[in-house]
Amino acid sequence: MPLRPTAAALFTAAVLAVGTAAPGTAAAAPSTAATATATATVSTAPSAAVAASGSFQQVTGFGTNPGNLAMYTYTPAGLPGGAPLVVALHGCVQSATDYYRNSGWTKFADQYGFAVVFPQTSSVNNSLSCFSWFDAGKAARGVGEARSVVEMVAKAESLYGSDARRVFVTGLSAGGGMAADLLADYPDVFAGGAIDSGLPAHCAASQAAASGCQNSDQGLTPAQWGDKVRAAYPGYTGPWPRVAIWQGTADTVVRPVNATELRDQWTNVQGIGRQPTGTRSLPGGTTQELYADASGAPAVTVFTISGMGHGLAVHPGSGADQCGSTGAYFLDTICSGYHTARFWGLDGGSGPTDPGLPAPTGLTASATAGSITLGWQAVSDAASYQVFRNGGQVGTATGTAFTDTGLAAGTTYGYTVAAVDGSGTVGARSAAVTATTPGGGAPQCFTASNYDQVLAGRATQSGGLTYALGSGQSMGLWNTFVTHTLKQTGPGFYVLADGQC
C-alpha cells in the first residue's frame with residue numbers, strides 16, 4: 001500500500017477501523033481528519049494490565065517475512081512440548097500488545113497450556129495498521145502477510161515444540177478477515193479458526209472491493225462461497241478446519257450478513273447443511289448455533305450477540321467463563337476466548353458435539369378445532385421443553401405433551417421441540433411435524449417468480465437463494481427467471497405447490 005493512500009483506500013481502511021466503543025453504538029466512516037484523530041486516540045489509550053504467569057516477547061528471524069510483519073509470542077511458565085498453538089490477529093488501529101493485554105487469550109494459555117503468537121502489522125503496510133485480508137497479493141497461499149504468519153507458526157513450533165496438528169488462528173475485524181483467508185490458504189496448517197466480527201475467506205481481491213464485502217450481501221450461493229475456499233489451495237484433499245464465527249447484531253462496520261456468508265461458506269466446505277444441529281442460549285444475549293458433521297463432530301459454530309456493535313467480545317472477571325479487559329473494540333458481553341477454546345477442544349475435550357441435550361424423538365401432532373396437541377419421548381436430564389411453532393417459541397412444558405390453542409381453522413402448522421437442561425441450556429430441536437386444523441376454505445395459491453414472491457412477503461432470501469415463508473422450503477435462486485407456485489396453508493406459512501393448484 002502506498003504511504004499516501006488514495007481517498008478511496010483510506011475510506012475502506014477507516015470503515016474497518018472505526019467501530020463502536022460500546023455495544024449497540026452505531027459506527028460510521030469518518031472523514032480523513034476524524035480518522036487521524038481516532039487513530040491517535042486508540043493508539044495511545046492505556047490498556048489494563050494482564051495477570052499472566054508467562055512471558056510476552058518479540059521474536060525475530062522467523063523467515064523471509066514477505067508481509068513485513070512483526071512476531072510476538074506469549075508462552076506460559078513451564079509449557080511442555082507437544083502443546084497446541086494459537087495465532088491471534090489484532091484489528092485495525094490495534095497492536096499485538098493491545099491484543100495480548102485485552103483479548104483474554106493469555107488466561108486460557110495459562111489454564112489449558114498452549115502458546116500464543118501475536119502477529120503485528122503497522123502503518124507502513126496499511127495506514128490504519130489493518131491486516132490486508134482484501135489484497136490478493138498479500139492474503140493468498142505462499143505470498144505476503146499470509147506467508148509471514150505461517151513462517152511465524154513454523155518458528156513457534158521450532159522454539160516451543162508445539163504440536164503441528166493443533167494449530168489454530170483467530171482474529172478481530174480485519175484480523176478476522178485475514179484469519180478466514182489463512183484457513184482457506186493453509187488448511188494443512190490450521191486445525192481450526194475463529195472469525196470475530198470478520199468476513200468470509202477471499203470475499204474481496206482488491207481494496208476497492210472491500211467496502212462492498214463489509215456492508216452488503218454479495219449474492220453468492222453457498223457453493224460459490226465454498227469454491228472461494230477450495231480455489232485457495234487447489235487439489236487439497238485433507239480435513240478442513242473447525243470454524244467458529246462471532247458476530248454482533250448491531251455491527252455497522254462489518255454487517256451481520258457476513259456471519260451468514262461465513263456460515264454458508266464453511267458449512268459448504270464441510271459438506272454439511274445450513275440447519276443447526278443444536279442451539280443454545282449463552283450469557284451476554286448470545287445465541288450459539290452448532291453445525292455438526294455426519295459423525296456428530298463439531299464443524300462450524302455461530303455465536304450471535306444481540307445488540308453488540310463492532311469488536312471482540314470479552315467479559316472481565318475471575319469466573320471460569322470470564323476473560324479479557326475492556327477497551328476500544330474490546331466489548332464487555334461474553335468471553336469469546338473461553339467458548340472458542342472449548343469449541344476447538346483446547347480444554348482437553350474434543351469440543352461440543354452437541355451444545356445441550358439431544359433432540360427429542362417421536363414427536364407427534366393431532367389437531368382438533370382451534371388446537372393441536374403434541375407429544376414426544378422424554379429426554380434424560382431434561383428439566384423442561386421448549387415448543388416452537390413455525391420456527392418461533394410458543395410455549396414451555398415440564399412434561400412430554402403440549403396443547404397449542406387459539407389456532408385458525410383449516411390451517412397447517414409446523415412444530416419442533418427442544419429439551420432444556422437444569423442450567424437453562426436449550427438443546428437440539430427435534431425433527432419437525434405438521435398438522436392441519438379442521439375447517440376453513442380452500443388454500444390460496446400464488447404463482448410468481450422467486451423475486452416477486454419475496455417482494456410479496458411469501459418467501460425470504462438469504463445468500464442469493466429463496467426460501468418459502470414458514471415452511472423454509474428451498475426455491476432456488478432469487479431472481480426473475482425462476483418461477484414457483486406457493487400454497488398458503490396458514491398465516492405466514494407457505495409450501496411449494498408446483499403443479500398442484
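Residues are numbered from 1 along each chain as its sequence is written. Because the model is predicted, local features need pLDDT of at least 70 and side-chain atom pairs count only at pLDDT 80 or more, while totals for chains, interfaces and linings use all residues; side-chain values use heavy atoms, with hydrogens and water left out.

**Exercise 1. Describe the chain as a whole.**

Solution. Start with the secondary structure: the chain has 11 helices and 26 strands. Helices (H or I, at least four residues) and strands (E, at least two) are DSSP runs, numbered from the N terminus. Next, take burial: 52% of the 501 residues count as buried. Buried means under 20% relative accessible area, exposed over 50%, and partly exposed in between (1.4 Å probe, protein chains only). Last, take the contacts, where contact means heavy atoms within 4.5 Å. Among those between residues at least 6 apart in sequence, 65% join residues at least 24 apart.

**Exercise 2. How many disulfides does the structure hold, and what pattern do they follow?**

Solution. A disulfide is a covalent bond between the sulfur atoms of two cysteines. Here the criterion is a pair of cysteine sulfur atoms within 2.5 Å. The structure holds 4 disulfides. With bonded cysteines counted along the chain, the pattern is 1-2, 3-4, 5-6, 7-8.

**Exercise 3. Characterise the link of Cys92 and Cys130.**

Solution. The S to S distance is 2.0 Å. The torsion is 125° about the S-S bond, and the link is right-handed. The pair links distant parts of the chain, 38 residues apart: Cys92 is in the loop between β3 (85-89) and α3 (96-102), and Cys130 in the loop between β4 (115-120) and α5 (144-160). Cys92 is buried because its relative accessible area is 3%. Cys130, at 1%, is buried too.

**Exercise 4. Why is the disulfide of Cys203 and Cys213 left-handed?**

Solution. First confirm the bond: the S to S distance of Cys203 and Cys213 is 2.2 Å. The torsion about their S-S bond is about -100°, so the disulfide is left-handed. Cys203 sits in the loop between β6 (192-196) and α7 (210-215), and Cys213 is in helix α7, 10 residues apart. Cys203 counts as buried at 11% relative accessibility, and Cys213 does at 1%.

**Exercise 5. Which parts of the chain does the pair Cys323 and Cys335 tie together?**

Solution. The sulfur atoms of Cys323 and Cys335 are 2.1 Å apart. With 105° about the S-S bond, their link is right-handed. Cys323 lies in the loop between β11 (312-314) and β12 (330-332), and Cys335 in the loop between β12 and α10 (336-344), so the pair ties together parts 12 residues apart in sequence. Both Cys323 and Cys335 are buried.

**Exercise 6. At what angle do helices α8 and α9 pack, and which residues meet?**

Solution. Helix α8 (residues 222-230) and helix α9 (residues 257-270) pack at about 70°, their axes 8 Å apart. That makes α8 roughly perpendicular to α9 (angles of 65 to 115 degrees; under 35 is roughly parallel, over 145 roughly antiparallel and the rest oblique). The crossing is right-handed, which means that the near helix is turned clockwise from the far one by less than a right angle. Among the residues of α8 in the contact are Pro222, Trp225 and Val229, and α9 contributes residues including Glu261, Trp266 and Val269. The contact divides into 6 nonpolar, 3 polar and 4 charged residues.

Methods:
Axes are lines fitted to C-alpha atoms, for helices over the stretch in contact, and angles run from 0 to 180 degrees between N-to-C directions. Ala, Val, Leu, Ile, Met, Phe, Trp, Tyr, Cys and Pro count as nonpolar, Asp, Glu, Lys and Arg as charged, and the others, Gly among them, as polar.
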